[in-house]
Each structure stands twice: as structure tokens, then as C-alpha cells.
Amino acid sequence: MSYNFDEYIDRTGTNCAKWDHYAEQFPGMDAQDCIPMWVADTDFRAPKEVIEALVAKAQYGIYGYSRAKTKSFDEAVINWVEKRHGWKLLPEWIVPTGGVVPAITCAIQALTKEEDGIVIQPPVYYPFKDTITNNNRKVIENPLRLNEEEGQYEIDFADLEEKLKDSQVKIFILCNPHNPVGRVWEEKDLRKIGELCLKYNVLIFADEIHGDLILPGYKHIPMGLLNKEIRDITITSYSPSKTFNLAGLQASAMVIPNEKLRLEYQKRLRINRMTELNYFATTALEAAYNHGEEYLEGFLEYISGNIAYAIDFVDKHLPGVRIIKPQGTYLVWFDFRGTGLTPDEIDSLIIEKAKVAVDLGRWFGKEGAGFARFNFACHRSTLVKALNQLKAAL
Ligand SMILES: Cc1ncc(COP(=O)(O)O)c(C=O)c1O
């Protein structure tokens, strides 16, 4: 393999959010002894083909206006989604956007009115809630249920149906794979969601940004692949930013097969002046999608190794703690409730005593109290150090 993920890269001093700015999030933490395992980017270099393409573009030296939607952009997205997920897209369905969260905001603005309801499934990626409330829409929650025996989260479909029934509800935001609980939703789950949304005239925003990050034994199924009816009420987001560590370039592609929805969406992009991407973003997306398969395989292998190491360590050395075994993503959801500590004590154990900067469970919704999300896209030595600090703190 020509990629070595087992190389420690020092990111400090590069103005990176994860390593240089965590004190803004965790006041009082000191860069000398804190281990940052929060924010979802990776501590690995992007694929060499991406770096080479960006260097070539930088060297050209003219950084004027460009166009995001080109034949080469569409082809890169089409080929990648077909190769990895078996869904054959048409070029006209693809709408480039500068990041997924701005794209969700745009969908909310384009397709709902103030006071409309939008359903999310906490514990879930917290910016979903912000995009809803910042636009004066209502957050409607369909909390996931932790099946304690299986150690996995499930969807409460009876509650979902109750929530979707409300005529004010206009969009359901799906997170697949689910951040932070790591579920890769099965076809039967997706079908039920799709059928309920069809029944109650609710659109689906399928955030599949983590869709490439599927661990062995699981399979990502695009929502839009299920059938034409479901496809026609779905907007799907794809992006190379998590897979290839390109989050700072803000490159993503929305897939909107339904023409009417697409025209509404594009109209809002124009109003917001969001139709074009950064000059470097499209280059990075194309290089990653055209050349990234070998990188992705190596990356998944390294992450799987980190997960296996941590599961074994937690089992042996962290009594009362358990890992909700992820099926996808590099984000790992730790359950600390078995320690007998209160949620406040758990937060302070991780942050103040162990000095590991994580995304605290309660950020993802009240259901997350007593949990924490660890980012495993790091060098093994970072993980080992963090786990040992947790052990000492406990
Ligand atoms: C589910 C999910 N959606 C969107 C994003 C962010 O996407 P972007 O940086 O393209 O706005 C993240 C980042 O962690 C995420 O986990």
C-alpha cells in the first residue's frame, strides 16, 4: 500500500481548529497536556493525488472566478457514487455546494417557511439543530433508542410516525451513517423512513457525508437508491471532506433528482450567492473521487485497528465504560454511565482530569448526557495516550 497512516503528524501551530483552538471550546485547557479528539477532521494527510492537483493549481497563480458545475465535477461525483454505493446518478441531478451544513441551511430556506417543523434524531450532529433554530423553524425530535442488550441504537418508528403526522413538519433530516452513534442504517430502516415520509408528505434531507466510511461487515445504502418515489422526495449530500480530510476546503455535492425541488433549491442558492465553490475545492473533490479508493481502503483499515485496540483497552482497564461499537464513521460514542458518576462528573472526568478534549455527549442532545464522542481518526499513539489518561483519571 502506498499510504502510510501510521505516521505521526504534528498539527500544532497550523491554526487548526482541533489542535490549536480547543481552549475556545474548553476554557482553561492547556495545549501542553491536552489530547484533542474532538471536531470531525482527521490527523492524516490527504491523498497524494489531491496534494499534487492542488499544488499544480496553486502554482498557476491566477485565482479568478471559476465555475463549480463542470463536466469533470459531475463525472467525478457520478463515478465515485456508482463505484462505492451502486447508485447511478444523472449529471443534471448534481448541485455543487460549499459544504454540507450551508447546503442544509439552504434546503431549509428553500423548502420550508418560518415555524415549519423539521425532524432530527438525537443524539445527533448538533449543527442540525442550529440550522433549524437559526432559520426560525421548529426542531421536532425523534430520539434514537439505545437497545442496551445489543449495545446499538435503533429508530423509534412509532414515535417517528407521530412526529411526521404533524402537518407543520416539512423535512426529515437523516444522518447515515449516524454521527455520533455510528449506526449504518439498514435497508429496512431506510424503507420505513421513506414510506412514512411519503405517507405524510415530508421531504428527506439525507446527510450521507460519512457514507464512504463504512467498517467491515456493513454496507451503506443511499436513501435515493430505494425507489423512484422515495428518490423524488430526497436531497442527498455527498462530500469528500470527511473521507479524505478536506473539510477546510468546503466541497460538496447535493443530489436532487426531482426537478421541481432542484429548481427551488437552485433559486435559493442564487439568492444566497452560494452557487460557486472555492477555486481549490472543486480540484480537491475531483482528485479525491477520481483517485481515492486505495487511500480509503488504507484509512478504513487503520481506523478499524484503532477501534479494535480501544474496545480491548476499555474492556480491560475502564470499568463501567463501554464503547457503542461503530458500524461506520471514525467517531466513537463512549457510554460512561456505568461508572456510577453523574453526567457533570463524567464531563469533568474526561475534560479536566483525563485532559482529553472530546465532543461531550450532551452537545448532541439531552439523550447524550453521560456519553462522549471520541474522534478516532488519529495516530494510534494519540489514542493510546488518551485511553491511559482516562484510566488514570478513573
Ligand atoms: C453529519 C455531518 N454533516 C455535516 C458535517 C459538516 O459538513 P461541512 O463541513 O461540509 O459543512 C459533519 C461534520 O462533522 C457531519 O458529521
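The crossing of helix 3 and helix 11 is right-handed, where right-handed means that the near helix is turned clockwise from the far one by less than a right angle. This is a predicted model, so local features need pLDDT of at least 70 and side-chain atom pairs pLDDT 80 or more, while totals for chains, interfaces and linings use all residues. Residues are numbered from 1 along each chain as its sequence is written, and side-chain values use heavy atoms, without hydrogens and water.

Helices are DSSP runs of H or I with at least four residues, strands runs of E with at least two, numbered from the N terminus.

Which residues of helix 3 make the contact? Among them are Glu49, Val50 and Leu54, and helix 11 contributes residues including Tyr279, Phe280 and His291. Contact means heavy atoms within 4.5 Å.

Four strands form an open, antiparallel sheet in the order 11-12-15-14; strands pair if DSSP finds at least two bridges between them. Strand 11 (322-324) and strand 14 (359-360) are the edges, each pairing on one side only. Strand 14 is joined to strand 15 (residues 371-375) by two bridges, and Asp359 has Arg373 as its bridge partner in strand 15.
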